[in-house]
Structure formats: C-alpha cells, structure tokens
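Dear colleague,

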Amino acid sequence: MEKHYAVLGDPIQHSLSPGMHNAGYKALGIKAEYHRFRVKPGQLAQAVDGLCALGFSGWNVTIPHKEPIVSLLDSLTSEARRAGAVNTVKIHEGQRIGHNTDGAGFVRSVEAELNGFQAKKAVLLGAGGAAKGIALALAEQGMELHILNRTPEKAKELVQVIQRWGGTATAGEFAPGAWLEDVDLLVQTTSLGLLNESFPFSIQGISKGALVVDIIVNQRETAILREAKGLGCRTQNGLGMLLYQGALAWEFWLGGQAPVEEMSQALKGQFFERLFAKG
Ligand code: ATR
C-alpha cells in the first residue's frame, strides 16, 4: 500500500522537502508520496485529525507549528521533549508520536567539518526556536556554548534550559567581543539571515579556523557568510541542516538508511533552480 507523508506550515509554498523526500522514495523504489499543505495557525488540530483520517503515516511540521503541535500528540521522544518542539510526527499503531530531528540534523551537517565537538566553543547568534534545538544538540555533544541575542533575557532563559539538561553555556551581548578570538563554530540563527542586507555588526577578528554557519535556505550566501569567507573562515548555509533533518525524519518513519546522496542532489537542484528563477 502506498504511504503518504507531508509537511505542514504557513508559509509553505517554497518548501524544498517534498522534492527531497520524493527523490529519496524514487531512488529506493519505495511506494510513497510526500505532500505539502498550507495550514494556518488556528487550524492545526483539524489538519492533524484530517491527516489521521486519511491514513497518513507521518508528517513534518514547520513554522509556526513546531510548538503548538506538542499538545496534539500522544507521546514525545526524548529529543522532542528536550527541545519542547516537534518537527516530525509518526503514526504508530494509531498513536501520534512527536520527534525532533532539527538539532541532530544540524549536528550531522557540521560534524565532518568540525572534527569532534567535545569542549569546543560554539557561539549562537539568536535565541529563538531554531537556536534552541541547535543549542541543546550541540551542548549534548559536549560543546561549550555562548549565546548572544538582541533581547538578552531570552539568551539567559536559553542558557538556563541548557544548564538544566547538564550543558555548559553563557549569555552575552548581541555584539562583537572577546568571543570572536576563541570560537570553533559560529551559528547565525536569527531571522536577519532572511533579509539580503548587511549584518548589524562585523565579525572581523574571528578565529581563522572557525566554521561559520547561517541556517537560512533562501539564498546561497548571506552577508555574514560573505564576510566570514573573506576573513578566511569555512562557511555553510542551511541546506546541510535541511538535508539531515529530513534524512533523520525519513529514518524515523521508514527505518534503514535514507538515501542521503539522492536527497542532497534533489535539494541542491531545487535550490539552484529557485535562485535562477529569482534572477
Ligand atoms: P526562529 O524559530 O526562526 O528562531 P523566532 O523564535 O521568532 O524564530 O526567533 C527569531 C530570532 O531572531 C530571535 O533570536 C530574535 O531576537 P529577539 O529575541 O531579540 O527578538 C532574532 N531577531 C529577529 N529580528 C532581529 C533583528 N532585527 N536584530 C537582531 N535579532 C533579531
């Protein structure tokens, strides 16, 4: 019987997930189809009931549903509990199980470049939903975190959450500082990455060996990545995180190993097609 999966969000028309997952099913000859549905904030409960009634095997959720969906599920994995957010739901024996692959997806996307996490230093720009999942996963890997956010209280709250789970973290001002000279991984998670404008501060003086990641996927290189590259750092955009959160969702649903190479090709193909279309 053909299986059905989907991604729910608002906005959702630019989601690259259907192309990525469908390419994976095709590569392995799996009878499944991945759909995309726009679900407005007030209509999540009806949408979830609808997917269950229609026999969907699972789905992803993205902005703005990652936290609201938690109360609509029967159980959560430890990753979802820790993040307080769900990006992947599986229907198993009629039960709705919530999982979160964002943090582990991020970890997988940087592990080859970082060559080990233990006691290395990560600086996160931003303390919103995206930062939280990434921060908890990096802390679990043994990285020491420094979190900078425009609203300092939110950075401090995130530090407390990390410490509660046994991690090491401090909060700082959303500005350049001594941290620049001693950073192994800098992650830009604020929504500033979405705007094709200059970043509010320069990262001049950053450690040459640092890996700089901006988790956005709507452009190839944000201002901060351009600056980092000019300063001799290695850089990554958000495609790697998108790929691995998808691959981990696949493995949660279907078991086995996701065809990462084919999924990556499909993702990159769509990404460049869209850049080209934008002109
Ligand atoms: P997401 O789930 O994508 O992380 P979010 O939870 O709304 O979205 O968080 C957005 C992040 O971008 C926050 O860290 C936010 O900072 P505040 O907590 O101070 O709002 C950050 N952000 C958004 N616009 C910003 C700006 N103009 N300058 C600095 N930070 C900004």
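Predicted model: local features only at pLDDT ≥ 70, side-chain atom pairs only at ≥ 80, totals over all residues.

The domain assignment divides the protein chain into domain 1 (3-100 + 242-278) and domain 2 (103-237), and the C-alpha centres of domain 1 and domain 2 lie 25 Å apart. To the contact, domain 1 contributes 15 residues and domain 2 contributes 14 residues. The area buried between domain 1 and domain 2 comes to about 1,300 Å², with 61% of it given by carbon and sulfur atoms; on the side of domain 1, Arg-82, Tyr-244 and Phe-271 supply 45% of the area that this domain buries against domain 2, which is more than any other three residues. Two salt bridges are found across the interface of domain 1 and domain 2. As for individual pairs, Arg-108 forms a salt bridge with Glu-251, in which the closest N and O atoms are 3.6 Å apart.

The second largest pocket, with a volume of about 410 Å³, lies between the two domains, because domain 1 and domain 2 both give residues to its lining. That lining consists of 16 residues, and Gln-236, Asn-237, Leu-239, Gly-240 and Lys-268 are those that lie nearest the centre of the pocket. The elements that give two or more residues to the lining are α7 (223-230), β12 (234-236), α8 (239-254) and α9 (260-278). By residue class, the lining of this pocket divides into six nonpolar, six polar and four charged residues.

Definitions and conventions:
Residues numbered from 1 in each chain as written. Heavy atoms only, no water. 1 Å grid on protein atoms, 1.4 Å probe; cavity = no way out; pocket = protein on both sides within 12 Å on 5 of 7 lines; lining within 4 Å. Points joined across faces, edges and corners; volume = space filled by probe spheres on them. Helix = DSSP H or I, 4+ residues; strand = E, 2+ residues; numbered from the N terminus. Nonpolar A, V, L, I, M, F, W, Y, C, P; charged D, E, K, R; others polar. Domains from an automatic or database assignment. Contact = heavy atoms within 4.5 Å. Buried area = accessible area lost by both parts, 1.4 Å probe. Salt bridge = Lys/Arg side-chain N within 4 Å of Asp/Glu carboxyl O.
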